[in-house]
Structure formats: structure tokens, C-alpha cells
Amino acid sequence: MNQEVKTIDRCIIAARGGMTLLSQEEVNKMMAVGQGGVYELFRKCCLAVLNCDAKDDDAMAVLSRYPNFDVNLVPRERGIHLEFINAPAQAFVDGKMISGIRDSIFSVLRDIVYQHTEHGSDELLDSFEITNYVFQLMRRSEVHRYGIDPNLVVCWGGHSINRVEYQYTKDVGYQLGLRGADICTGCGTGAMKGPMKGASVGHSKQRIKEGRFIGLTEPGIIAAEAPNPIVNKLIIMPDIEKRLEAFVRLGHGIIVFPGGVGTAEEILYLIGILSNEQNKGKPFPFIMTGPKESADYFHQIDQFIRFALGEEVAGLYEIIIDDAEQVAQKMMTGIDEVKEYRSKNEVSYFYNWGLEIDPALQFPFVPTHENMAALNLHLDRPIGELAASLRQVFSGIVAGNVKEFGVQQIKEKGVYQINGNRELMHKLDDLLQAFIEQKRMKLPGSEYTPVFEVVK
């Protein structure tokens with residue numbers, strides 16, 4: 001039975017934030033882009049934001065439920081207004097768009113349409129260009145607050161977690177909020193919403209009125225992880241690699257909660273950076289944590305990392321089980337060390353230019369069947385190179401699970417084939433099967449069909 005879909009026939013909203021004051025030239029450029037090939041991407045991202053608190057993580061399913069949804073750019077003397085046709089009703093209260101959703105909509109306009117007028121399809125040719133481009137996107141999004149000490153904690157974890165795990169993410173967020181930490185996540189539900197929700201209560205108790213709740217997403221994932229209502233700064237990065245770089249350069253420490261393949265991708269990305277010889281001695285607190293019910297999950301992750309990348313890599317992170325207060329205390333102590341190091345070495349508090357990131361972790365990986373099958377997954381490779389390739393494995397599976405490009409690839413060509421060292425493939429398959437058994441691949445209540453086969 002089809003679920004009844006309620007919509008608002010027509011609504012026009014005026015710009016806020018950085019999109020409020022635009023030149024006539026900027027308006028003209030945006031109108032041209034808004035009518036071209038970028039329009040469909042803009043429409044999809046707008047629909048994902050408006051489809052708040054959705055119970056699915058399938059971009060094509062969202063689009064099929066709202067086939068008559070449309071958005072038009074309306075030029076005005078000082079900027080651009082947006083006209084919505086048949087928009088999801090849950091984004092409105094008494095006919096008016098919810099304020100936080102309205103802000104996020106104009107973040108979409110800024111990061112999809114306006115950004116295209118600035119850079120278009122310009123190709124970034126080297127590592128520094130990519131890092132500088134990510135910085136430009138961060139600066140334009142106005143996520144920084146000048147005059148405050150480092151306090152931004154990045155929280156990673158899955159959108160498909162159980163109630164016990166979700167409550168624990170709120171508990172950790174609450175302890176962080178009491179200590180004045182701001183929160184940055186992938187902006188979706190589950191482990192991305194819980195820390196923000198908890199921190200907002202902690203901030204309220206400490207009378208912190210300008211807390212930052214930053215959501216970092218990308219066009220391919222926004223339908224699966226639509227911005228939760230607590231996000232007050234939304235940034236849409238062009239691809240997953242730039243999204244991940246934004247996390248590590250913007251944040252002052254990272255906490256990882258239970259998750260699935262996307263979380264495993266993030267963990268391997270960070271290990272690939274922190275294991276780089278040029279980053280040794282640069283403090284960056286990295287904690288994995290969950291309730292006691294998640295202890296086996298972290299044991300599996302830890303064992304896989306140690307086998308694939310070596311015992312020494314385990315020294316880059318700490319695992320704390322079922323102690324939200326200790327997690328917050330250790331994270332804030334680690335951030336104090338970050339502040340001391342950056343002050344001494346004259347590294348910016350707001351963007352970590354000092355981290356060395358290998359180009360293999362920066363340039364986009366396109367998860368075609370050919371690229372997935374060609375990944376070099378052998379234990380004789382340097383740690384950073386193998387971590388980068390394993391990151392690409394999980395990134396491809398994420399694409400096959402929820403991203404429109406990957407889902408279409410699977411429909412047309414069947415499941416991805418993953419090949420490599422026999423023993424490593426056994427360990428990888430065990431980990432992936434555990435994710436499936438623990439229902440970490442899709443939202444609760446959704447049936448999961450594997451999009452991969454590990455060739456052993």
C-alpha cells in the first residue's frame with residue numbers, strides 16, 4: 001500500500017545568509033545555471049532537505065514519491081527567491097517553511113548553484129588545489145567563529161543504529177555540550193543526530209546560545225542522510241573525498257560511534273592520514289565508543305584494522321566502551337593538546353592546513369565495476385596505500401547501497417566483485433557479513449540485498 005503523500009501546492013521564500021545580497025551579474029549567472037544541467041541536482045538536493053525525518057534512505061524512492069515536486073529560481077533586485085511547487089508538507093508549519101529547513105535550502109542554493117557559477121567543471125589538478133578548494137567552501141559557508149578556542153568535535157557513525165546506541169550518542173553529546181564543545185556530523189539521523197541533540201541540552205544548561213551544529217554532506221548521499229533539524233550550518237561538498245577532508249581539517253578531534261560501511265570508510269580514511277609519517281607528532285584525538293551492547297562491534301573493527309594494517313596502527317585511536325563522561329573528558333583534554341600544538345607551530349585553529357593528506361585519499365574514486373574489481377587489496381602494500389584502497393572498497397559499497405549512481409550500476413551490471421589477498425578477503429567478508437547481520441546496511445525495517453561479492 002502506498003503511503004499518503006501530503007504536499008504544499010506553492011510557496012515562495014526569500015534568501016537568508018550569504019545568499020541575501022548578490023550582484024546582478026551573480027543573479028544572472030545563477031539563473032543560467034538554474035536552467036541548465038545543474039538544475040536536476042539542485043532539485044534533488046532541495047527535495048532531500050525538505051523531506052525531513054524521512055523513513056527511507058533511497059534517493060530514487062524519494063523522487064518517485066514526489067514526481068510533481070519542482071523548484072524555480074525567481075530573480076529579485078538584491079538576490080534570488082525560490083518558488084516551490086508540490087513540496088513535502090512536513091517541511092512546513094501552518095503553511096510556513098520551518099526556519100531551520102529554510103536555512104538549509106539556501107545552503108543548497110549556495111553550494112550547488114552559486115558554487116557552480118564560481119568554479120563550474122574546473123578540474124582540480126593537485127593536492128594543494130583540492131585542499132584550498134575545500135577551504136574556500138568552508139569559508140563561504142560561514143562555519144567559523146572567530147575569537148574562540150578550538151572546540152569542534154566531529155562525530156561519525158551510522159544512520160542505521162538501534163535505540164540503545166542512539167541514546168548513547170546523545171549521552172556523549174550531552175557531556176560534550178556541558179564542556180562547551182560544538183558538534184560536526186554527517187548531518188543525517190542516527191549517530192549523526194544524537195550527539196547534536198545531546199549537546200544542545202548541554203549548551204542550554206551552560207547558557208551557550210551560539211553553539212555550532214555543522215552538517216557536512218555531499219549530493220550523492222543527501223537523500224540517505226537528509227539534514228536533521230538541529231543542523232544550523234549545512235555544507236554540501238562536491239564528493240565524498242572532499243567531504244572527508246573537510247571533516248578532518250575543520251574538526252579538532254573525532255569520535256566514532258557504531259555504524260556500517262560508511263563509518264568503516266571514515267575510519268580507514270582517518271587512519272590513512274594519521275599513519276602518514278609526516279603527520280606523526282601532530283595531536284589529533286581519535287576515539288571509538290559505544291554502549292556495552294556495541295563492544296563486539298568495536299572488537300570486530302579493531303581486529304580487522306590490526307590484521308590488515310598492523311598492530312602499530314591501533315595506537316592511533318582509543319576505544320572506550322559505555323562511559324560517555326570519560327569520552328568527553330578525554331576528547332576535551334586532547335583538544336587542549338591540539339590548541340597548544342597549533343599555537344606553538346602557528347597552525348590555524350579554524351582549518352588544519354598542517355595535516356598531510358596523500359592524493360590517493362583526495363582524488364575522487366568512481367565506483368564502477370571495473371574500478372572496484374581492480375583495487376589492489378594485498379597485505380604487502382604500504383599502510384597508507386592499503387588503507388586508501390580499503391577505504392575505496394567501503395565507499396563503493398556505500399554507493400551501491402544508497403547513491404543513485406551506484407544503485408544504477410548494480411541494477412545494470414550486478415553486484416560488485418571484490419578481489420585480493422585470500423586471508424584479507426576472508427576477514428573483510430566476515431566484517432561485512434557482521435554489518436548485515438547487525439542490520440547496519442539500511443535503515444531499521446528495510447530489507448537489505450547485498451550489492452557486493454567478496455571473491456575468496
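**Cores, cavities and a pocket**

Reply: The largest nonpolar core has 79 residues, and V248, L309, I418, L432 and F435 have the most contacts inside it. Bear in mind that this is a predicted model, where local features need pLDDT of at least 70, side-chain atom pairs count only at pLDDT 80 or more, and totals for chains, interfaces and linings use all residues. Residues are numbered from 1 along each chain as its sequence is written, and side-chain values use heavy atoms, with hydrogens and water left out.

Me: Why is this called a nonpolar core?

Reply: Because the term covers a set of buried Ala, Val, Leu, Ile, Met, Phe, Trp, Tyr and Cys residues joined through side-chain atoms within 4.5 Å. Buried here is under 20% relative accessible area, with a 1.4 Å probe and protein chains only. V248, L309, I418, L432 and F435 belong to that set.

Me: What does V248 touch, leaving out residues up to four places away in sequence?

Reply: W156, I254, Y269, L270, I273, F284, N352, L355 and I357. A contact is heavy atoms within 4.5 Å.

Me: What makes a space a cavity and not a pocket?

Reply: On a 1 Å grid over the protein atoms alone, a cavity is a set of points where a 1.4 Å probe fits but cannot get out; a pocket is an open set with protein on both sides within 12 Å along at least five of seven lines. The structure holds 4 cavities of 30 Å³ or more, and about 290 Å³ lies in the largest cavity. Volume is the space filled by probe spheres set on the points, which are joined across faces, edges and corners.

Me: How does the lining of the second largest cavity divide by class?

Reply: Into 8 nonpolar, no polar and no charged. The residues are A264, I267, L268, I301, F304, I305, F394 and L431, and the volume is about 50 Å³.

Me: How much space lies in the largest pocket?

Reply: About 650 Å³. Its lining has 18 nonpolar, 2 polar and 6 charged residues.

Notes. Buried means under 20% relative accessible area, exposed over 50%, partly exposed in between (1.4 Å probe, protein chains only). Ala, Val, Leu, Ile, Met, Phe, Trp, Tyr, Cys and Pro count as nonpolar, Asp, Glu, Lys and Arg as charged, and the others, Gly among them, as polar.
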